[in-house]
Amino acid sequence: MSLTFRPLHPVFAAESTGIDLTRALCPDDVAAIEAGMDQYAVLVFPGQPLTDEQQIDFTRQLGELEGYNTPGHIRKRTDSRLGSGIADFSNLDKSGAIMSGQDRVWFFKLGDRLWHSDSSFRPVPAKYSLLSGRVIPSWGANTEFADMRAAYDALDDRTKAEIEDLVCEHSLMFSREAIGFTDLTPEERVAFRPVRQRLVRTHPVTGRKSLFLSAHAGAIEGWTIPEARMFLRDLTEFATKDRFVCSHEWRVNDLVIWDNRTTMHRARRFDRNEVRDVRRTTLAGDVATIEQVT
Ligand code: SIN
């Protein structure tokens, strides 16, 4: 059986069946997944019981793992239950116990519930994220996705012209400040210093334009902060209207891949007394948005 896509939403996202991601893929399979990603931007692969090693191997077949030259989390590598190459997005601490609601790692994690694009706070932001559902709580905990290509297409011409050349500053500090988490060490503040990102991106294969929005965006070059934040808030509100959003209800062993260049996502609420064990590998981007050829 070959890879098949079943659309999950009128403008993006598809369920992908007919492939076993625990095994090495042939070049045609890789090409078919990439073509599916270019078209749908979010692919859900149900029934993929991956070990961490298999998830890393599969990710490597699509490209390079994101290198962590700048930290993307306050959870230190040495405090993680998992080995290198895979990030722990669970609510578990190093010993495997549910982390305390007073844990600053938990406070930091709550910021993932804001609409964002992974690694937009890095000079070269991530290409794909691959999230594997290992233990899923009995209620809530969906991941929602928003199609930034469809949102861009739906903007009026005046707004498109206004944003065409805008450059934003992105930092983990901006997204965490937004939920009142400002308890960062001087070292974290240095590590999380803002990076520049274009607000409008062009997909290198399809040529489609998209909005590069994220809760990590906190300034627009040449604008006052209040004007920039209000404008980014308005754009985000527009870009996450129901018609651009698809909500993924997790089942154990789902693997979901999304394109951070063309989508935003956010985690949803769940009972933090239940385990949510989801693990993420991240595929490196290849170019800084600022160097994009338009
Ligand atoms: C993420 O923000 O990359 C993870 C989303 C989730 O935990 O649902």
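How many bridges join β7 to β11, and do they run parallel or antiparallel? I looked this up before anything else. Three bridges join the two strands, and they run antiparallel. The model is predicted, so I kept that in mind for every entry.

**Entry: around β7**

I stayed with β7 and checked its pairings. In β11, I found I220 as the bridge partner of C168. β7 (residues 167-170) also pairs with β8 (residues 195-198). That pairing is antiparallel too, with four bridges. Here V167 sits opposite R198 of β8.

**Entry: the seven-stranded sheet**

Next I traced an open sheet of seven strands. I read its order as β1-β2-β3-β13-β5-β15-β4. The pairing is mixed. Which strands stand at the edges? They are β1 and β4 (87-88). Each has a single partner strand, so one side of each has no neighbour in the sheet.

I then went through pairs within this order. β1 (residues 4-7) and β2 (residues 14-17) are antiparallel, with four bridges. R6 faces E15 in β2. The two strands make a hairpin, and six residues lie between them. I checked the turn and noted A13, whose phi is positive at about 70 degrees.

β3 (residues 42-45) and β13 (residues 255-259) came next. They also pair antiparallel over four bridges. V42 is opposite W258 in β13.

**Entry: the ligand**

W258 came up again when I listed the residues around the ligand.

For R276, a polar side-chain atom lies 2.8 Å from a ligand oxygen. For R280, I also read 2.8 Å from a polar side-chain atom to an oxygen of the ligand. How much of the ligand does the protein bury? Alone, the ligand exposes 260 Å², and the protein buries 99% of that.

**Entry: the cavity**

I searched the whole structure for cavities. One turned up at 30 Å³ or more. The largest cavity holds about 200 Å³ of space. I counted 19 lining residues, and those closest to the centre are F89, K109, D112, A267 and R276.

My last stop was the second largest pocket, with about 430 Å³ of space. It has 16 lining residues, and A178, S214, A215, A217 and R233 are the closest to its centre. Two or more residues come from each of α6 (172-178), β11 (217-220) and α8 (225-239). Which element gives the largest share? It is α8, with four residues. I sorted this lining into eight nonpolar, three polar and five charged residues. β11 brings me back to the opening entry: it is the strand joined to β7 by three bridges.

How values were computed:
Residues are numbered from 1 along each chain as its sequence is written. This is a predicted model: local features need pLDDT of at least 70, side-chain atom pairs count only at pLDDT 80 or more; totals for chains, interfaces and linings use all residues. Side-chain values use heavy atoms; hydrogens and water are left out. On a 1 Å grid over the protein atoms alone, a cavity is a set of points where a 1.4 Å probe fits but cannot get out, and a pocket is an open set with protein on both sides within 12 Å along at least five of seven lines; lining residues have an atom within 4 Å of a point. Grid points are joined across faces, edges and corners, and a volume is the space filled by probe spheres set on the points. Ala, Val, Leu, Ile, Met, Phe, Trp, Tyr, Cys and Pro count as nonpolar, Asp, Glu, Lys and Arg as charged, and the others, Gly among them, as polar. Two strands pair if DSSP finds at least two bridges between them. A residue is near a molecule or strand if one of its heavy atoms lies within 4 Å of it. A polar contact is a pair of N or O atoms within 3.5 Å; within protein, one must be able to donate a hydrogen and the other to accept it, and residues adjacent in sequence count only if both atoms are side-chain atoms. Accessible areas come from the Shrake-Rupley method with a 1.4 Å probe; for residues, only the protein chains shown count as cover.
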